[in-house]
Amino acid sequence: MPTRSKTKATVWLIENGKVRSRSDELATEEPLEIRLAFPRQTVAVTMRTPGADFELAAGFLYSEGVISCREDIQRISYCLDNLVDGEQRYNIVNITLREGLNPDLQPLQRHFYTTSACGVCGKASLEALRLRNYPPIPAGLTVTPDIIYTLPNKLRAAQSVFDATGGLHAAALFDTQGQLLTIHEDVGRHNALDKLIGSALLNGQLPLNDRIVMVSGRSSFEILQKSTAAGVPIVCSVSAPSSLAVSIAKEFGIALIGFLRGEKFNVYTGLERIG
């Protein structure tokens with residue numbers, strides 16, 4: 001089994017001038033190497049929280065344009081020959097693409113190392129997304145503010161690993177009635193969203209044209225790039241978006257919501273989707 005998502009630790013609590021030790025749990029952070037089997041080539045190394053590694057790898061390849069459908073993946077497996085200090089860490093995922101698929105991997109060179117904190121620096125510009133020919137998100141889907149208001153509490157209530165560690169981001173998928181469909185946690189926002197999209201891909205649920213995505217933290221270029229690839233019409237976050245995230249949302253027809261806290265939020269693009 002992959003490394004657990006939580007790691008036990010001893011901490012010293014200083015309170016009212018006194019020191020005492022207690023046990024604590026930390027969010028596990030381990031490297032994951034995403035490797036193509038034929039030809040054998042590493043396409044990315046990301047620091048992630050173990051769990052849903054196959055979904056993470058599949059979602060990453062999909063959102064980066066390496067694959068376009070579930071059928072492009074012939075097989076996903078762990079590399080079981082890799083040991084760290086004599087222990088199998090399950091930190092390499094091998095992906096075999098369908099025969100005849102020869103994707104251009106040059107753009108992925110920037111992903112040789114990805115931190116969990118902020119994604120990949122120096123990402124491609126908005127023009128690079130245009131060149132992928134993503135279709136605009138279909139118009140027509142709307143959600144009432146009352147539904148939007150309920151999402152943060154539902155996301156927070158479902159963050160089981162966060163409850164234990166206090167150190168994880170989350171990406172959640174909702175229907176238009178505000179029902180939580182799935183949630184993934186990770187030390188990186190972009191990893192959590194890749195896990196969510198990869199799960200939808202492997203289960204034949206893409207595109208997500210009638211779904212809402214909510215992420216903890218801020219909405220960055222990475223979050224909107226991946227949401228665009230998955231066809232998500234509404235993206236919400238508890239914090240602010242970046243300027244490039246707003247540009248992507250505007251171009252591809254995504255309603256981008258930020259500072260969603262209590263019964264208040266900002267709409268940066270796509271106001272017509274808020275009924």
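This is a short chat about a predicted protein model.

Visitor: What should I know before I start?
Guide: The model is predicted, so local features need pLDDT of at least 70, side-chain atom pairs count only at pLDDT 80 or more, and totals for chains, interfaces and linings use all residues. Residues are numbered from 1 along each chain as its sequence is written, and side-chain values use heavy atoms, with hydrogens and water left out.

Visitor: How many helices and strands are in the protein chain?
Guide: The protein chain has seven helices and 14 strands. Both are DSSP runs numbered from the N terminus: helices are H or I with at least four residues, strands are E with at least two.

Visitor: And how much of the chain is buried?
Guide: Of its 275 residues, 50% count as buried. Buried means under 20% relative accessible area, exposed means over 50%, and partly exposed is in between (1.4 Å probe, protein chains only).

Visitor: What share of the contacts joins residues at least 24 apart?
Guide: The share is 54%, among contacts between residues at least 6 apart in sequence. A contact means heavy atoms within 4.5 Å.

Visitor: New topic. Where does UniProt put the "binding site"?
Guide: The unreviewed UniProt entry places that feature at Phe259, Leu260, Arg261, Gly262, Glu263 and Lys264. UniProt positions use the numbering here, feature names are shortened, and annotations may be inferred rather than shown by experiment.

Visitor: Where is Phe259 found?
Guide: Phe259 is in the loop between β13 (255-258) and β14 (266-269). Gly262 lies in the loop between β13 and β14 too.

Visitor: Is Phe259 buried, exposed or partly exposed?
Guide: Phe259 counts as partly exposed, at 32% relative accessibility.

Visitor: What does Phe259 touch?
Guide: Leaving out residues up to four places away in sequence, Phe259 touches Ser237, Val238, Ser239, Ala240, Lys264, Phe265, Asn266 and Tyr268.

Visitor: How many aromatic pairs are there?
Guide: The count is four. Rings of Phe, Tyr and Trp (its six-membered ring) pair if their centres lie within 6.5 Å; planes under 30 degrees apart are stacked, over 60 edge-to-face, and the rest tilted.

Visitor: Why is the pair of Tyr78 and Tyr90 edge-to-face?
Guide: Because the planes stand at 80°, with the ring centres 5.2 Å apart. Tyr78 is in strand β5 (residues 73-78), and Tyr90 is in the loop between β7 (87-88) and β8 (92-97). Tyr78 is buried, at 18% relative accessible area. Ring pairs also link Phe54, Tyr78 and Tyr90 into a cluster.

Visitor: What about Tyr149 and Phe265?
Guide: Tyr149 and Phe265 form a tilted pair, 5.7 Å centre to centre with 55° between the planes. Tyr149 sits in helix α3 (residues 145-157), 116 residues apart from Phe265 in the loop between β13 and β14. Tyr149 is partly exposed at 23%. Phe265 is buried at 16%.

Visitor: Which residue pairs with Arg48?
Guide: Asp53 does, with the closest N and O atoms 2.8 Å apart. Arg48 and Asp53 are both buried.

Definitions and conventions. A salt bridge is a side-chain nitrogen of Lys or Arg within 4 Å of a carboxyl oxygen of Asp or Glu.
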